[in-house]
Amino acid sequence: GGVKRLAGPGAGSNVPLHGGEGSQQGQITPVQKRTRTDMATPGGGGVNAGATPATGVVVTYNSMKGFGFIQCPTAPRDVYFNRNSMPAHLQQQPEGQPVTFLMVFTPDGMPQAQNVQLAN
C-alpha cells in the first residue's frame with residue numbers, strides 16, 4: 001500500500017486547475033479612491049446640489065480651533081462653519097457680523113455653512 005500519485009497537468013502542485021483564460025482569481029484589483037461624503041466641502045469649493053442660500057449672524061467663533069456658529073432664522077439650530085469656509089479678512093472679528101452663506105446638511109441632519117461672506 002504505497003502513496004498514490006496523481007499524473008497529468010498540475011499534479012503535485014498547489015495551482016488550482018480551474019479558471020483558465022480570463023480568470024480574475026489571484027489578481028489584485030486596485031480599489032478606486034473614495035470621496036468622503038459625510039462632510040460638506042470646506043470653503044464651498046464644490047457645487048453642492050443640496051446647498052441653500054441663507055443669511056444669519058455669526059454668534060461665536062473660536063480662532064484657536066478655527067470654527068464657529070451662525071444664528072440663522074431658517075435653520076433648526078445654529079449653523080456650524082469652519083475657517084476654510086470664510087475669507088481671511090472675516091476671520092479677524094466675525095462675531096456679530098451679518099453674513100450670507102450656503103447651508104448644507106450633514107448626513108446626520110446637522111446644518112453646516114459653506115462660502116461664508118459678509119452680507120451687504
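How many helices and strands does the secondary structure of the chain comprise? In this predicted model, the secondary structure amounts to 0 helices and 5 strands.

Figure 1. Read from the N terminus, the elements follow the order β-β-β-β-β. The chain has 120 residues, of which 23% are buried. Its accessible surface is about 9100 Å², and carbon and sulfur atoms account for 53% of that area. Among contacts between residues at least 6 apart in sequence, 50% connect residues at least 24 apart.

**Figure 2. Confidence of the prediction and the segment 35-47.** The average pLDDT of the chain is 77, and 59% of the residues reach a score of at least 70. Over residues 35-47, pLDDT remains under 50. For this segment the model has 16 contacts beyond four places in sequence. Where pLDDT is low, predicted coordinates should not be read in detail.

**Figure 3. Pairing of β4 with β1 and with β5.** Strands β1 and β4 are paired in the antiparallel sense through 6 bridges. Within this pairing, Val-57 has Pro-98 of β4 as its bridge partner. Strands β4 and β5 also run antiparallel and are joined by 6 bridges. Here Val-99 has Leu-118 of β5 as its bridge partner. The hairpin of β4 and β5 has 5 residues between the strands, and Gly-109 in this hairpin adopts a positive phi near 90°.

**Figure 4. The largest nonpolar core and the surroundings of Val-79.** This core contains 15 residues; those touching the most other members are Ile-70, Val-79, Phe-81, Phe-101 and Val-116. Two or more residues are contributed by each of β1 (52-62), β3 (79-82), β4 (98-105) and β5 (111-118). Leaving aside residues up to four places away in sequence, Val-79 touches Gly-68, Phe-69, Ile-70, Cys-72, Phe-101, Met-103, Pro-111, Gln-112 and Ala-113.

**Figure 5. Aromatic pairs and the cluster containing Phe-67, Phe-69 and Tyr-80.** The whole structure holds 4 aromatic pairs. One of them, formed by Phe-67 and Phe-69, is edge-to-face, with 6.2 Å centre to centre and 90° between the planes. Ring pairs connect Phe-67, Phe-69 and Tyr-80 into a cluster. Phe-67 counts as partly exposed because its relative accessibility is 26%, which lies between the limits of 20% for buried and 50% for exposed. Phe-69, with a relative accessible area of 30%, is likewise partly exposed.

How values were computed
Residues are numbered from 1 along each chain as its sequence is written. This is a predicted model: local features need pLDDT of at least 70, side-chain atom pairs count only at pLDDT 80 or more; totals for chains, interfaces and linings use all residues. Side-chain values use heavy atoms; hydrogens and water are left out. A nonpolar core is a set of buried Ala, Val, Leu, Ile, Met, Phe, Trp, Tyr and Cys residues joined through side-chain atoms within 4.5 Å. Buried means under 20% relative accessible area, exposed over 50%, partly exposed in between (1.4 Å probe, protein chains only). Helices (H or I, at least four residues) and strands (E, at least two) are DSSP runs, numbered from the N terminus. Contact means heavy atoms within 4.5 Å. pLDDT is the predictor's confidence in each residue, from 0 to 100. Accessible areas come from the Shrake-Rupley method with a 1.4 Å probe; for residues, only the protein chains shown count as cover. Rings of Phe, Tyr and Trp (its six-membered ring) pair if their centres lie within 6.5 Å; planes under 30 degrees apart count as stacked, over 60 as edge-to-face and the rest as tilted. Two strands pair if DSSP finds at least two bridges between them.
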